[in-house]
Amino acid sequence: LGPLYVRAERFVDRLLYGTRPAPYRVLADITALSHLSATDSTSAQAPDLSRVAQAVGLALGARACRLTVYRPGLRDRTYKWAQTTDRFSARDLLDVPVRHGNGEVGLLAVDRQAVSGLTEQRQHLLADIADALGVVLEASRSGIELERQLRAALAHAEEIAVSRRRIVAEIDGERRRIERDLHDGAQQHLVSLR
C-alpha cells in the first residue's frame, strides 16, 4: 500500500497545487534573464534582482517573492515581487538562506502556499533554488562593492586634481612675487650702477 499511497498523494498534490518546475528550469529562466540584461546594456552585468525575484516567484507559482542581498558595512538591499497587491507579513513567507561558499549572502522568501505539499521534490525545490542563487547574489554583492570602490577612487582622483591645481596656483604666485621682487629691487640697483 505504500507505493499506492505515494502515487495517490502525488496525484492529489498535483490537483490541489499544480505542477512545480524542476530547479534547473527556474535557474534556466534566471540565466536567460542574465543574458537578456547583458545584451540590453552596453556592458555585461549581473541580472536585475527584481526580475530574478519575479522569475523565481512565477516559476514557483508563488503570489509573492522577496530576495534580500546582505551587504557588509551597508544596508541590506531587498527586491520584492508580488502577483497581487495584497500585503504579506513575515509569517506568510517562508525564508530560506542563500549561501555562497561558507557564508550567507542573502535570503529568499516566498509565500508558504507556493511550496506546500508533502513530496520530497517540493520540500527541496526552494532550498535547491536558494543554493543556486548564491552565485547570482555574490555577483551582485561584488558589483555593488566594485561600484562603491570606483566612486571612492573617482572622488580621491578629484581631490588629487584639486590639490594639484592649488599647488600650481601657489607656485605660480610665488614665481610672480620673486619676479616682482627682482624687478623692483635688483633691477633698480643694476640701473643705478650702470
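**Exercises on a predicted model**

Asp-111 is buried, its relative accessible area being 1%; the model in which this value was computed is a predicted one.

**Exercise 1.** Determine in which strand Asp-111 lies, and which backbone nitrogen lies 2.9 Å from a polar atom of its side chain.

*Solution.* Begin with the secondary structure, where Asp-111 is found in strand β4. Next compare its relative accessible area of 1% with the cut-off for a buried residue, which is under 20%; Asp-111 therefore counts as buried. Finally, turn to the side chain of Asp-111, one polar atom of which has the backbone nitrogen of Arg-63 at 2.9 Å.

**Exercise 2.** Work out the strand order of the open sheet, name its edge strands, and find the partner of Pro-97 in β4.

*Solution.* The 4 strands are arranged as β2-β1-β4-β3, with antiparallel pairing. The strands that pair on one side only are β2 (77-82) and β3 (93-100), which makes them the edges. On average, neighbouring strands of this sheet are turned by 15° against each other, if direction is ignored. Between β3 and β4 (residues 103-111), which run antiparallel, there are 8 bridges, and Pro-97 has Leu-107 as its bridge partner in β4.

**Exercise 3.** Identify which residues touch the most other members of the largest nonpolar core, and which element gives the most to this core.

*Solution.* This core has 23 residues, of which Leu-49, Val-56, Leu-60, Leu-67, Leu-108 and Leu-133 touch the most other members. At least two core residues come from each of α3 (49-60), β1 (64-69), β2, β3, β4 and α4 (120-193); the element giving the most is α4, with 7 residues.

Notes: Residues numbered from 1 in each chain as written. Predicted model: local features only at pLDDT ≥ 70, side-chain atom pairs only at ≥ 80, totals over all residues. Heavy atoms only, no water. Pairing = 2+ DSSP bridges. Axes fitted to C-alpha atoms, helices over the stretch in contact; angles between N-to-C directions. Core = buried A, V, L, I, M, F, W, Y, C linked by side-chain atoms within 4.5 Å. Buried < 20%, exposed > 50% of the residue type's maximum accessible area, 1.4 Å probe, protein only. Polar contact = N/O pair within 3.5 Å; in protein donor to acceptor, adjacent residues only side chain to side chain.
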